[in-house]
Protein chains: 2
Amino acid sequence: MSKQTSKQPISATADATVNGIHMETLMGTVDAIAQEPELGQCRFRARNAWLGGNRNRTTITGFYGARQEIAHQQTFELHADEPPILAGNDAGANPVEHLLNALAACVTTSMVAHAAVRGIRIEALESELEGDIDLRGFLGLDASVPKGFTAIRVKFRVRSDADNMECLQRLTGFSPVLNTITQGANVAIEVEKM
Amino acid sequence: MSKQTSKQPISATADATVNGIHMETLMGTVDAIAQEPELGQCRFRARNAWLGGNRNRTTITGFYGARQEIAHQQTFELHADEPPILAGNDAGANPVEHLLNALAACVTTSMVAHAAVRGIRIEALESELEGDIDLRGFLGLDASVPKGFTAIRVKFRVRSDADNMECLQRLTGFSPVLNTITQGANVAIEVEKM
């Protein structure tokens with residue numbers, strides 16, 4: 001059973017992992033969705049509570065996928081605040097830093113998983129991100145200034161064969177968060193009285 | 001000393017807070033940037049390290065703003081993983097859930113701060129978010145399927161005067177993360193050998 005042979009063939013056995021990813025599990029999900037596309041429909045969720053001032057807390061407990069509600073094995077809590085210069089107390093990363101985290105995490109995971117499927121071994125991988133925001137937009141000082149990030153730069157350093165770099169660069173393009181940021185998504189917001 | 005009565009101008013004093021936000025600090029930043037637009041130029045940053053498999057960790061230590069490097073008062077660490085169905089161990093929220101967190105945190109903060117500037121008091125605020133992703137895109141099973149979120153729904157419940165709801169809905173539009181997702185940002189990615 002040869003799943004793929006690109007670069008280094010993976011001898012998939014019950015416990016075979018590539019880049020630390022259990023290939024039978026990953027390929028099982030891929031095969032299931034390939035055979036039954038509806039299994040790929042996911043709804044990811046978060047709840048957030050304002051804690052006063054610039055502080056708030058997100059709670060994540062589960063999601064919908066593979067035609068069922070799936071609970072995470074633990075509840076994730078994430079905290080946001082602003083630095084003192086933005087009238088906060090630095091009790092958590094600020095929201096736009098959280099966005100950079102989402103982007104870093106997603107491109108990393110996408111690259112590693114797609115590399116594994118192609119038999120590309122990665123020994124180490126790290127990244128640095130920097131994004132530009134002109135606060136005049138957010139603060140409403142100039143309506144012509146964009147309110148969000150205008151440019152984000154991501155530098156990855158990867159320990160892997162030199163001739164894998166071009167392919168790894170291409171694999172970053174599978175990242176859902178990257179695609180959401182570059183392609184945009186519809187966001188519908190309702191505000192109702194409690 | 002009347003801090004504000006709903007909708008009326010704020011008489012900022014040294015200790016006046018609205019919605020838990022210290023108004024003199026916030027307005028000081030706003031005024032400084034209004035007078036010297038260059039102070040609004042910010043570069044937010046994150047570093048990420050792959051921890052094997054689907055796990056990775058982001059570290060956030062500071063940013064550039066107001067023409068200087070500003071260190072956070074603590075280092076923030078954020079962890080990402082995938083659930084078992086996606087070949088992970090659920091050691092952290094997954095990247096697209098982190099994106100929902102960023103969005104929730106940002107719209108909440110934007111609404112609360114802009115409400116404060118307008119003298120709108122908010123007693124409580126919470127939100128629920130849900131975003132749709134078809135995994136066939138990420139998994140490369142169908143090139144015509146978008147890889148990112150296609151639609152995200154956000155429901156806010158706010159304890160405030162009923163006639164504030166329409167304004168609060170409008171204030172969500174100041175959120176940098178919301179604008180990044182709906183307007184898009186350029187993301188430049190480099191991959192180099194370690």
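**Notebook: chain A against chain B**

I began with the charged pairs and counted 8 salt bridges between chain A and chain B. A salt bridge here is a side-chain nitrogen of Lys or Arg within 4 Å of a carboxyl oxygen of Asp or Glu. I looked up one pair: the side chains of Glu128(B) and Arg47(A) meet at 3.3 Å, N to O.

A note on the source: this is a predicted model, where local features need pLDDT of at least 70 and side-chain atom pairs count only at pLDDT 80 or more, while totals for chains, interfaces and linings use all residues. Residues are numbered from 1 along each chain as its sequence is written, chains are lettered from A and ligands numbered from 1 in the order in which they are written, and side-chain values use heavy atoms, with hydrogens and water left out.

**Polar contacts and the touching side**

Next I counted polar contacts between chain A and chain B, and 68 residue pairs came up, both partners at pLDDT 80 or more. (A polar contact is a pair of N or O atoms within 3.5 Å; within protein, one must be able to donate a hydrogen and the other to accept it, and residues adjacent in sequence count only if both atoms are side-chain atoms.)

Which helix gives chain A the largest share of its side touching chain B? I found helix α2 (residues 95-117) of chain A, with 18 residues. Helices are DSSP runs of H or I, at least four residues; strands are runs of E, at least two; both are numbered from the N terminus.

I then sorted that side of chain A by class: 66 nonpolar, 41 polar and 21 charged residues. Ala, Val, Leu, Ile, Met, Phe, Trp, Tyr, Cys and Pro count as nonpolar, Asp, Glu, Lys and Arg as charged, and the others, Gly among them, as polar.

**Strands across the chains**

I followed strand β8 (residues 186-193) of chain A to strand β7 (residues 151-159) of chain B. They run parallel, joined by 8 bridges. Two strands pair if DSSP finds at least two bridges between them. In this pairing, Glu192(A) stands opposite Arg157(B).

**Symmetry**

How is chain A laid on chain B? I get a turn of 180° and a shift of 0.0 Å along the axis, with an RMSD of 0.0 Å. The copies are superposed by least squares on C-alpha atoms of residues with pLDDT of at least 70 in both. That is the relation of a two-fold axis.

I listed 5 helices and 8 strands in chain A. Its C-alpha atoms fill a box of roughly 60 × 40 × 30 Å, taken along the principal axes.
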